[in-house]
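Trainee: I'd like to go through this model with you before I set anything up. Can you take my questions as they come?

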Amino acid sequence: MYLYLITEPNRFKVGYTSNYKKRFSSYKTHNLTAKVSGIFKIPNKKYEKIIHLELLRKFKRCNNSKEWFEGTITNNELQLLIDKIIKK
């Protein structure tokens, strides 16, 4: 299972997939400005929800979206958060 980071100016999305190549090829067809910024290995999909809850401590949702957050996050920052959560 993989966690991915997609970024746009001033917003980002964190999601999960088991096949990131297929996921990104389909994503690019409906969102041409988005950039896949990072791919991270996670043990299973439950970690995506936990990471979203942690991100809500620092970031707001974009326009009531359940997937997009306002602001920016780096790959390093997200990796540190993933490591912290998986080690719990």
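Trainee: How does the radius of gyration of the chain sit against that of a compact globule?

Mentor: This is a predicted model, in which local features need pLDDT of at least 70, side-chain atom pairs count only at pLDDT 80 or more, and totals for chains, interfaces and linings use all residues. Residues are numbered from 1 along each chain as its sequence is written, and side-chain values use heavy atoms, with hydrogens and water left out. With 88 residues, a compact globule would have a radius of gyration near 12 Å, and the chain agrees because it has 12 Å; the radius is taken over C-alpha atoms, and the globule rule is 2.2 Å times the number of residues to the power 0.38.

Trainee: And in which order do the elements run?

Mentor: From the N terminus on they run β-β-α-β-α-β-α, where helices (H or I, at least four residues) and strands (E, at least two) are DSSP runs, numbered from the N terminus.

Trainee: Which residues touch the most other members of the largest nonpolar core?

Mentor: Those are F12, V14, I51, L55 and L78, in a core of 16 residues; such a core is a set of buried (under 20% relative accessible area, 1.4 Å probe, protein chains only) Ala, Val, Leu, Ile, Met, Phe, Trp, Tyr and Cys residues joined through side-chain atoms within 4.5 Å. The element α3 gives the most to this core, with four residues.

Trainee: What does L55 contact, leaving aside its neighbours within four places in sequence?

Mentor: L55 is in contact (heavy atoms within 4.5 Å) with F12, V14, F69, I73 and L81.

Trainee: How much of the chain is buried?

Mentor: Of its 88 residues, 39% count as buried.

Definitions and conventions: Buried means under 20% relative accessible area, exposed over 50%, partly exposed in between (1.4 Å probe, protein chains only).
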